[in-house]
Amino acid sequence: MQNEEYDVTDLTSLEKLEPVKVRPGMYIGSTGTKGLHHCIWEILDNAIDEITNGYGDKATIILNKDKSVTVIDNGRGIPTGIHPVKKISGVEMVYTELHTGGKFNNKNYKTSGGLHGVGAAVVNALSKWLEVEVHQHGKIYKQRFEYAYDKELKRDMPGTPVTELMEVGKTDKTGTMVTFLPDKDVFSTTEFKFDVIDERLQELAFQNKGVRLELIDDRKDEEVRKEYYSERGLLDFIAYLNESKTPIHTEPILFEGFRNVGNLEMYGEVCLQFTDSTTEYIASYVNNIPTTEAGTHESGFKTGMTRAFKEWGRKLGIIKEKDKEFEGDDLREGMTAIVRIKITNPVFEGQTKTKLGNNEAYTMMNDLSYTKFCEWIEDHKDIASMIINNAMAAALRKEKIKKINDAEKKKIGKGTSPLAGKVAVCTLKDKTVNEFIVVEGDSAGGSAKQARDRRFQTIMPSKGKIMNTEKQKLENVIASEELKIFNTAIGTGTLDNYKEEDLKYDKIIIMSDADVDGYHIRTLWMTYIYRYMRPLIQNGHLYIAQPPLYKVYKTVKGKDKCVYAYSDNELEKARKEIGKNALIQRFKGLGEMNPEQLWETTLNPETRTLYQVSIEDAAKAEKMVSLLMGDVVEPRKKYLYKYAEF
């Protein structure tokens, strides 16, 4: 074996903003569409921090024709003076040096979303170019940064200043305008999505009542302009989230308050409403940042709430001594809640700030929730009694479901597994590569079993349409035979019993026909997984297979020449590629393909097209699932008339 030397000459050091360019995922989470939009959030967070700390009242995002984006605020503006030690302007410091900013103490910002001092510099590092314009002290200042030659390091570097901070005019305004063009060599896509930004601005307006936000899309011939403003704040937010649900009490529960632990100060605000749904949804935020992975503030809220309702359940005589008490998840069944806090010195897990880690936040939110819920219950005993009775009923249902599950486990123990003869299981035991494929129909399922690579692909034929789990009670969902088969095969469990470590497959793939029925089947499965196994989506395991619509072919000198088309646009390209006398076969469903075609087009990892299902915006996902799959008809009808192409 060759023995290679490893010494100090093999060590390299990344300079200035190079670490961000080399490992962007460490700073923005990913280089896909989520990471791309995270760049906007980093700049927008700085604007919102100015506004929420009392400096300014408006922020604007402009999507430009050249694929760049502009973020404008009317705050104080980034400091333009020359730093006494660094000998460069404050603007250049903020955009070229990591861990630089005014948020490391509480002098300028009581609370802030951006607190590591890396956001602006990270965006600069991941842009082809970035321009900053500052309005301050009656003057307009401007500076430009590019991926360009660095005289000091003698090589091209990201985020290099190509101009000094220049005074370019006079003004009577204050604020900052940042324009940047994402680097297409970094991101898999540089196309900003209007809908993603729209939802984020809507949430921010709900969280910051009285603040005006604006989104302008200049990318098409006709400008699109939308404004966001909320007078009632979280009350408007809860109405928005519950538009497609049926509340069981008219007035939402709303409370706020301040708490202190040591040197930490916290302002907490909660708004919640119970509906006739069987699932809970909590949208939580820290300093306006959505904490999609929850954290200590959300845990504290849950604990304080459960403690208050249990205590009052006994006081009101609803919970007797002989009764088994309900648990927190029983109490929260059907609840939609918004939990937001503003806190000094928050500790997030990771730069992308999706989970809060401060233990003090748990203590403060637990105390605030317990106190405020007790006060509310004392004034609303009738509604509180209804909520407590519902929790007791949910606990009984859960006990019944546990007995059903235990009976199923006994069957499996006796060798009567629900998978027997219904799922074609792969031979490998490597959960990092194995795929579980749900195929629409017995016919296509049979072809898929023949076509698959049986080493790593498991096939489950799905008999028609599963139930719409958004409209079903929990016990009906648990009793579904087809869902039992799916759950047993996947291995994770559902709801609060979900365990990622028990997942047997890396990819869960839904494979349905490319028609209206196929799309409905796909939607039913996604609704079930979203409600009962959401981490499958959050952790990137759920995919949609894309079968072809057409086969374009002809025989030349005894050999078939063919191209598969996945859309009408691709059909025209395929016809040109095959040439004259091309024959076209329209696939009406997966069952029309023979095993060889199914492998080549839809199962072979080398040639297939898969769409990964993700949750870009948690609040939007919750609203859309409720709107499209729930019981309330009118909001769905309005949505269809607005967006469907009849």
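This is a predicted model: local features need pLDDT of at least 70, side-chain atom pairs count only at pLDDT 80 or more; totals for chains, interfaces and linings use all residues.
Biologist: How do the residues lining the largest cavity divide by class, and what makes a residue nonpolar here?

Modeller: Six are nonpolar, one is polar and two are charged. Ala, Val, Leu, Ile, Met, Phe, Trp, Tyr, Cys and Pro count as nonpolar, Asp, Glu, Lys and Arg as charged, and the others, Gly among them, as polar.

Modeller: Numbering runs from 1 along each chain as its sequence is written, and side-chain values use heavy atoms, with hydrogens and water left out.

Biologist: Why is that space called a cavity and not a pocket?

Modeller: Because a cavity is a set of points, on a 1 Å grid over the protein atoms alone, where a 1.4 Å probe fits but cannot get out; a pocket is an open set with protein on both sides within 12 Å along at least five of seven lines. Lining residues have an atom within 4 Å of a point.

Biologist: What lines the second largest cavity?

Modeller: N64, K67, S68, T190, E191, F192 and R219 do. By class, that's one nonpolar, three polar and three charged.

Biologist: How do you know where domain 2 and domain 4 lie?

Modeller: The bounds come from an automatic or database assignment, which gives 234-405 for domain 2 and 619-645 for domain 4. Their C-alpha centres are 26 Å apart. The contact (heavy atoms within 4.5 Å) takes nine residues from domain 2 and seven from domain 4.

Biologist: What makes up the area they bury?

Modeller: About 910 Å² is buried, 55% of it on carbon and sulfur atoms; that's accessible area (1.4 Å probe) lost on putting the two parts together, summed over both. E243, S244 and Y281 supply 55% of domain 2's share, more than any other three residues.

Biologist: Why is E622 with K245 called a salt bridge?

Modeller: The rule wants a side-chain nitrogen of Lys or Arg within 4 Å of a carboxyl oxygen of Asp or Glu. Theirs is 2.6 Å, N to O, so the pair qualifies. Between domain 2 and domain 4 the count is two salt bridges.
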